[in-house]
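Visitor: I am new to this structure and would like to learn how to read it. Could we take a few features in turn?

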Amino acid sequence: MKKLILISLLFFSITINAQVLRTRAVTLMGSRFDITIVAKDSATAEANIDTVIKEVTRIEDLISDWRPYTQVSQVNQNAGIKPIKVDKEVFELAERAIKLSVITNGAFDISFAAMDRIWKFDGSMKKMPTPEAIKKSVEKVGYKNIILDKKNSTIFLKLKGMKIGFGALGEGYAADKCRKMMLERGINAGIVNGSGDMNTWGKQPDGSAWNIGITNPKSPGELFAVVPLEHGAVVTSGSYEKFVMFNGKRYAHIINPKTGYPATGLSSVTVFGPSAEAANGLSTSIMVLGKTAGLQLIKRYPKMSCILVTDNGNYFCSPNFNIDKYLVR
């Protein structure tokens, strides 16, 4: 389910109207984060970038599933044994993730972390895994076996060997939290881009909107569209760099956690909306569900919009978004 970094950010570092723009790239949550802050001076901008880094690190220390001391790791270590008490924000993140799992009938599932990695997308796979191996690979996956106790703020995984992992959903959550924090601190413009889970607010120092470049799945070195964004989130899930071909059919690196089979049919899904966390969950789900079911899903979220690009290069949008005026021609 881990997606690629498919969205590029177009901006110029300039100083106008007594505002400066500063940006920094760092590794957080195992991925690249690009943090951009517009402030009255360089010192203020750099100090607030430091604050964003501290906040993402705090969240990572709660929800990382590969750091053994985190609350999520404790939940995984006690799968099939006992419930684990977690902080309210971890519980609520799990609650929102499971709600999306219910809506998508398992196309999205945070227990994907227990999946056996039988599909290889590094060029080493020469034949399809057997149906038996695929079925076995997801036997510990299933959101219905995640038991949430709201009263006691506990998470319990019913089966031994089960694991949960927030992955890119956690990056989107972190981006949302940091935007909220910056606005509360009086930083009225910036971007937090966690591995393509991008949250923007305000405008560039020259008064223009942030321009978000969306990669063309058919020509990864080129842009498909450039969309201005002033206050909102955008996330792209895609499969055009990691896939395998068997019998003329393309199998993406994004796996359906319900079946164990890779997603097919779509090469790119971009979702716009007020929340990077929600956009991430929806973009991943739509990649798995495919065009028809994906467009039906996005209708349930009127504040969200999407662009889908199929494996054969055709594109489709949700009814509330017109991509034509943003296409790079």
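Visitor: Which residues are buried in helix 7?

Guide: Keep in mind that this is a predicted model. A residue counts as buried when its relative accessible area is under 20%. In helix 7, which spans residues 291-298, that applies to Gly 294, Leu 295, Leu 297 and Ile 298. They lie on the same side of helix 7, because the arc they cover around the axis is only 155°.

Visitor: Now the strands. In which sense do strand 6 and strand 7 pair, parallel or antiparallel?

Guide: In general, strands of a sheet pair through backbone hydrogen bonds, in either a parallel or an antiparallel way. Here strand 6 (residues 146-149) and strand 7 (residues 154-157) are antiparallel, with 4 bridges. Ile 146 stands opposite Leu 157, and Asp 149 has Thr 154 as its bridge partner. The hairpin has 4 residues between these strands, and Ser 153 takes a positive phi near 55° there.

Visitor: In what order do the strands of this open sheet come?

Guide: The order is 5-7-6, with antiparallel pairing. Strand 5 (84-85) and strand 6 are the edge strands, each pairing on one side only.

Visitor: Which helix lies across strand 6 and strand 7?

Guide: Helix 3 does, running at about 130° to strand 6.

Terms used: Residues are numbered from 1 along each chain as its sequence is written. This is a predicted model: local features need pLDDT of at least 70, side-chain atom pairs count only at pLDDT 80 or more; totals for chains, interfaces and linings use all residues. Side-chain values use heavy atoms; hydrogens and water are left out. Buried means under 20% relative accessible area, exposed over 50%, partly exposed in between (1.4 Å probe, protein chains only). Helices (H or I, at least four residues) and strands (E, at least two) are DSSP runs, numbered from the N terminus. The arc is that of the directions from the helix axis to the C-beta atoms. Two strands pair if DSSP finds at least two bridges between them. Contact means heavy atoms within 4.5 Å. Axes are lines fitted to C-alpha atoms, for helices over the stretch in contact, and angles run from 0 to 180 degrees between N-to-C directions.
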